[in-house]
Amino acid sequence: LGCYGDAHAVTPHIDRLAARGMRFDLAYCNQAVCAPSRFTLMLGSHSTSTGLYGLGNRLRESLPGAITLPQHFAKHGYRTESLGKIFHIGHGNEGDPASFGVPHFHDKVIEYVDPESTEGGKLTREEAYFTNQQLGRIKSLPRGAAWEWPAVADEAYADGRVAAEAVRRLQAAAERKGTPFFLAVGFARPHLPFSAPKKYWDLHDPEALPQPVRERPPEGAPAVAGKRGGEISNYKPVPEARDADYPEELKRKLIHGYYASTSYVDAQVGKVLAELDRLGLAEETIVVLWGDHGFHLGDLGIWTKHTNYEQATRIPILIAGPGVAEPGATNQPAESVDLYPTLAELAGLPAPTGPQPIDGNSLDPVIKDPTTRLPNHPYHAYPKQK
C-alpha cells in the first residue's frame, strides 16, 4: 500500500482513507491463516484462548454461546450485514451465519474468467477447498492458474460484484433513517489466484517491481520457523515439489499479480467510499480497513503466509470517521483482537464481555492521541509440528 510507504503500489483510494484517519504502523494479525485470523477479529480472542487454529474449525462447535463483534452491535440496535469474504468459508468450514442479522452475500474466492485457467472449466484443487467439494480427493483434481489478466469489467470477478452490492446496501441504509448499520465488506484479492482485470496489471511495470532480496532463512533459524510450498503448489505453473527453485520469470509474474490484485481491490474500496461520501454518511460512519494477514513474496524463500515472520504477521489497520481526533499515524502496537473493543468504544457501546475471553484492548485512547501507549506488544501464534 502506498500509505504504508511502498513506492511501487498504486492504491490511491486506500491512501486517501489513510490520510483522513489513523494509520497503525505496527499492526499485526494474531495468526497468519484466513479462518483463525477472522475468528480473532470477530471474537476479540486469541487462538490460544479459543483453540480455533484451523481452516476447518467451526466457531459454534467450540464456542456455542460466543457473542461476536456484529452480534454485540446487533444487541444495541444495529442492522448487521456481511458481504464477500468475512468469515472463512471452505475447507469444511461454513462460516458463522448466526453473526449477522441479514443472510450473508456470498461470492467466490477462487475465480477465473479464462477457460484455459481451469483446463476448460474443470473444478480445481483450490476451488474445491473453498466450496467444500470433493475434499477427500483434492490431489486428484487439476491445478488452476496462479494468475490471469483478461480485459474484463471489474464485476467479472467477485470483488467487483461485492463492491457493487455494498454500494446498494449503503443506499438502502441511507433510506432507513434512524437505524444504525454495521456493514462488513470482504474482498478476496490479493489472495491467490491473482485474477484481476488487465487494466490493473497495466498499472505496473513488472521489471520495476521489487524482487526478493534474501531467499534463504535467517542464520540459525530453526527449520520449523520456515515454510516451503503449501497452498501455492496447488496453482500452475508453480513447481509442486516443496524444495523446488522458482524461475525468475515465475517470481516476477507472481509479484506482478500481487500488485495488480491489490490495485484492483483498491479501486473497489474507492467505489464504496465514494458512495459513502455521496450519500452524506461519511461524517457519521466509522470506517475500518483491516487485512487478515500479510504475505511472503519470495523473501526468505517463502511464498504466501503460515509463518510467524514479519511478512506474514504484519497487516494494515486504518480507522477513520467519528472519534478520530486528528488524522495521522502511530507506532502503538495493535493486533486484530483490539478491533472489537475499539469499535464498541468508538460507537459508544458497552465494552464486550464475552462469554468468550476478550483479549483485545480498546485503541480509542491512541486514536484520540497517537502518542498514548497501551500494552506494548502484539501476540501472534502459528501451530506447527517440529
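How do the residues of the lining of the largest cavity divide into nonpolar, polar and charged? The points below take up this question and then turn to a helix and to the salt bridges.

1. The model discussed here is predicted. The lining of its largest cavity is made up of 8 nonpolar, 4 polar and 4 charged residues.

2. The structure holds 1 cavity of 30 Å³ or more. The volume of the largest cavity is about 100 Å³. It is lined by 16 residues, and those closest to its centre are G84, K85, H106, D107 and V109. Helix 7 supplies the largest share of this lining, with 3 residues.

3. Helix 7 runs over residues 158-175.

4. Side chains of opposite charge can pair when their charged atoms come close.

5. R58 and E61 form a salt bridge through their side chains, at 3.8 Å from N to O. R58 is partly exposed, with a relative accessible area of 33%. E61 is exposed, because its relative accessible area of 64% is over the 50% cut-off.

6. E240 and R125 are joined by a salt bridge in which the closest N and O atoms are 3.1 Å apart. This pair links distant parts of the chain, as the two residues are 115 residues apart. E240 sits in the loop between strand 10 (235-236) and helix 9 (248-278), while R125 belongs to helix 6 (residues 125-130). E240 is partly exposed at 46% relative accessible area, whereas R125 is buried at 7%.

7. D364 and K368 also meet in a salt bridge, at 2.7 Å from N to O. Both residues lie in helix 12 (residues 364-368), 4 residues apart, which is about one turn of the helix. D364 counts as buried, because its relative accessibility of 6% is under the 20% cut-off. K368 is partly exposed, with a relative accessible area of 46%.

8. Salt bridges that share partners also join R79, E81, E165, R168, R169 and R176 into one network.

Terms used:
Residues are numbered from 1 along each chain as its sequence is written. This is a predicted model: local features need pLDDT of at least 70, side-chain atom pairs count only at pLDDT 80 or more; totals for chains, interfaces and linings use all residues. Side-chain values use heavy atoms; hydrogens and water are left out. The expected span of a helix is 1.5 Å times one less than its number of residues. On a 1 Å grid over the protein atoms alone, a cavity is a set of points where a 1.4 Å probe fits but cannot get out, and a pocket is an open set with protein on both sides within 12 Å along at least five of seven lines; lining residues have an atom within 4 Å of a point. Grid points are joined across faces, edges and corners, and a volume is the space filled by probe spheres set on the points. Ala, Val, Leu, Ile, Met, Phe, Trp, Tyr, Cys and Pro count as nonpolar, Asp, Glu, Lys and Arg as charged, and the others, Gly among them, as polar. A salt bridge is a side-chain nitrogen of Lys or Arg within 4 Å of a carboxyl oxygen of Asp or Glu. Buried means under 20% relative accessible area, exposed over 50%, partly exposed in between (1.4 Å probe, protein chains only).
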